[in-house]
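Please view the sequence and structure alongside the points below.

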Amino acid sequence: MGVLVFNYHPASTSCLNFKKPPSPIFLCQVRIVSSTNRSRSFRRSLKMSQSVSPQNLAVKQQELVIPNKYGERLVGVLHDAESSEIVVLCHGFRSTKDDPSMVNLAVALQNEGISAFRFDFAGNGESEGSFQYGNYWREADDLRAVVQYFCGANHAVGAILGHSKGGSVVLLYASKYNDIRTFVNVSGRYDLKGGIEDRLGKDYMEKIMQDGFIDVKNKTGDVEYRVTEESLMDRLNTNMHDACLQIDMECSVLTIHGSSDKIIPLQDAHEFDKIIPNHKLHVVEGANHGYTNHQAELVSVVLDFVKASLKQDHPGTQQ
């Protein structure tokens with residue numbers, strides 16, 4: 001494990017101007033990932049009946065550790081295509097950077113000559129911190145730390161993509177900051193009150209007010225995670241409708257959603273389509289929440305949108 005020193009600027013700085021911000025100095029741990037080990041990781045991750053063939057696996061990848069504003073270490077993998085632009089990929093609820101869709105998208109972008117970075121939110125995967133049921137705005141803070149890091153490391157964040165909860169988080173980010181112009185929301189939730197009964201039971205509010213928490217167990221009775229009253233209220237008080245109304249017209253947003261999604265209904269995607277001003281909606285017919293049998297279409301739609309957006313932002317850039 002080595003240590004590289006990059007310039008880092010904590011102020012709100014547009015990443016679209018390619019200018020490297022001045023000091024102060026910022027430390028980030030970096031580990032070069034073996035192409036052989038990473039190849040095994042890719043093959044373990046791509047467990048779906050229709051996957052994207054990961055080509056050129058010997059390309060450059062780095063494991064980065066970036067501290068968030070709370071002092072927690074966020075762990076991610078940079079797929080370095082040596083491009084000035086980079087696409088940041090955000091996983092969903094109780095998932096990680098190694099989710100098959102995150103890996104497939106990162107590999108596909110890298111193969112197209114576009115760098116990609118997939119990382120674990122705090123409390124998930126290899127990152128530090130404790131898992132919380134809500135944390136939508138706090139995860140937007142994690143994303144902010146990642147964006148600011150790359151703004152100070154000779155990269156311009158050209159687009160941000162999030163899946164499921166990550167999709168909602170990237171839209172919250174877009175509503176609060178005005179430094180990124182391209183966002184992809186893959187199966188994000190519009191109504192954050194939805195889906196709670198499915199996980200916590202119909203009487204979840206009564207239970208949590210009585211005990212202060214609810215332990216969510218798996219089929220064998222083991223506790224998978226704990227939902228505290230504070231984290232539940234954090235989710236219930238996060239208003240996606242109001243946030244999306246704040247997204248600037250200059251932001252280009254693509255929502256992708258599967259027609260057979262049983263976790264987050266397709267109607268949520270249509271609600272986003274109604275209120276986000278500069279918005280496109282692509283429905284993947286027959287796809288479930290994880291796009292298990294539709295990875296190729298997911299990747300193709302994302303690549304077309306991202307490449308078109310980068311070309312529009314920087315018409316002189318050659319891919």
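Phe-117 and Phe-119 are both buried, where buried means under 20% relative accessible area, exposed over 50% and partly exposed in between (1.4 Å probe, protein chains only). This is a predicted model, in which local features need pLDDT of at least 70, side-chain atom pairs count only at pLDDT 80 or more, and totals for chains, interfaces and linings use all residues. Residues are numbered from 1 along each chain as its sequence is written, and side-chain values use heavy atoms, with hydrogens and water left out.

**Aromatic pairs**
- The structure contains 12 aromatic pairs; rings of Phe, Tyr and Trp (its six-membered ring) pair if their centres lie within 6.5 Å, with planes under 30 degrees apart counted as stacked, over 60 as edge-to-face and the rest as tilted.
- Phe-93 and Tyr-225 make an edge-to-face pair, at 5.6 Å centre to centre and with 80 degrees between the planes.
- This pair links distant parts of the chain, 132 residues apart: Phe-93 lies in the loop between strand E5 (85-90) and helix H2 (100-111), and Tyr-225 in strand E10 (residues 223-228). Helices (H or I, at least four residues) and strands (E, at least two) are DSSP runs, numbered from the N terminus.
- Phe-93 is buried at a relative accessible area of 16%, and Tyr-225 is buried at 6%.
- Phe-117 and Phe-119 are stacked because their ring centres are 5.9 Å apart and their planes at 10 degrees.
- Phe-117, Phe-119, Phe-121, Tyr-149 and Phe-150 are joined into a cluster by ring pairs.

**Charges over rings**
- Arg-138 lies over the face of Tyr-70, 3.7 Å from the ring centre; the criterion is NZ of Lys or CZ of Arg within 6 Å of the ring centre and within 35 degrees of the ring normal.
- Over the ring of Tyr-136 sits the charged end of Lys-165, 4.8 Å from the centre.

**Confidence**
- The mean pLDDT (the predictor's confidence in each residue, from 0 to 100) is 84, and 80% of the residues reach 70 or more.
- Over residues 16-58 the pLDDT is below 50.
- Where pLDDT is low, the predicted coordinates should not be read in detail.

Note on methods: Contact = heavy atoms within 4.5 Å.
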